[in-house]
Amino acid sequence: MFELVNLAGNTYCYTMPTNVVFYVTEDKDAYVIDTGINEKSAKRIISAAEEQGWNIKAVILTHAHTDHAGGCKYLVENTGVNAYATEAERIFVEKPDLEPAIVYGAFPCRDFRGKFMNTPACKVADIKELALPKGMEIFHLPGHFADMIGVKTPDDVYFVADAVISDKTLDACPMSYIFDVEAQYNTLEDIKRFDGKLCVPSHAEPTRELASLAQFNIDSLNKVNSVLLDLLSSPASVEELTAKLMHIWSLPETYMQFVMTSAGVRGHLTYLRHKGLVSYDFDNNRMLWTKV
Ligand SMILES: [Zn+2]
């Protein structure tokens, strides 16, 4: 942890709870991809670059979640460079109240504003305006959040952000927050084709076995769908399904966990509804889902 590792050529990973990737040009210009969770992470990133004699040239955000964008404001203000993200993700960093609101469905009370929902507001430019160094490519990884991107460095290293979650995390609980389950399936099928290249997920070790990890993530989505379909042998509300899943996976009974799990349930119900596998009806004004 907190170690600068050379991955290939001029591509480095700064291992943190949320990994940061540096690509450094021959002129020692460093492109920083993601910024860690807070000001402390940003200070570490600046120090790491200074120790190597690199000039931070630009910050690229894969997406707006706080553990990726929480250090952005400090980094931008203390290096004088711009941060870049896709149009949909920029909005959440510039108006960070929107992130918890989109998960909760309205402006949430303070109990929902833990360290993972606390991005300092920061101006972010459109990634289309960034002149990428020769050989660097941006690719879209929709599913996990609004319009997450990955970055391929000129050294053929693929940074895939939160498109894949580690098998250890998914073993403990196969459901993670997914903005769009169907898009996530498609993204996981796409990134299986990166296998053989060096890939860096945000919360797992760099790997050349991305296809098997992506398949593990697909299997986990399937597992959640299958558990929900079993539960929906009899009609149940979103709250009831949430409570049952929290029991099955022994999740902590907290405001944050309940809202996140409930959002996960809603996301999977959308997917199952679009596949024609579940339907809903009303009973005394209670909206109840059931297997078709
Ligand atoms: Zn994320």
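## Around Leu61

Which residues does Leu61 touch, leaving aside those up to four places away in sequence? In this predicted model, the list runs to Asp34, His68, Ala69, Cys72, Ala83, Tyr84, Ala85, Glu89, Val93 and Val124.

As a general background, nonpolar side chains in soluble globular proteins tend to be buried together.

Leu245 brings us to helix 9, which covers residues 238-248. Its buried residues are Leu241, Thr242 and Leu245. Viewed down the helix axis, the buried residues of helix 9 fall within an arc of 100°, so they line one face of the helix. These buried residues pack against helix 8 (210-231) and helix 10 (255-274).

Turn to the other side of helix 9 and you will find Glu239 and His247, which are exposed. After the helix comes Ser250, with a positive phi near 50°.

## How the domains meet

Stepping back to the whole chain, the domain assignment gives domain 1 as 3-162 and domain 2 as 225-291. Their centres, taken over C-alpha atoms, are separated by 33 Å.

Where the two meet, five residues of domain 1 are in contact with five residues of domain 2. On the domain 1 side, the touching residues comprise three nonpolar, one polar and one charged.

Technical notes:
Residues numbered from 1 in each chain as written. Predicted model: local features only at pLDDT ≥ 70, side-chain atom pairs only at ≥ 80, totals over all residues. Buried ≥ 20, exposed ≤ 12 C-beta atoms within 10 Å, placed from the backbone. Helix = DSSP H or I, 4+ residues; strand = E, 2+ residues; numbered from the N terminus. Arc of directions from axis to C-beta. Contact = placed C-beta atoms within 7 Å. Domains from an automatic or database assignment. Nonpolar A, V, L, I, M, F, W, Y, C, P; charged D, E, K, R; others polar.
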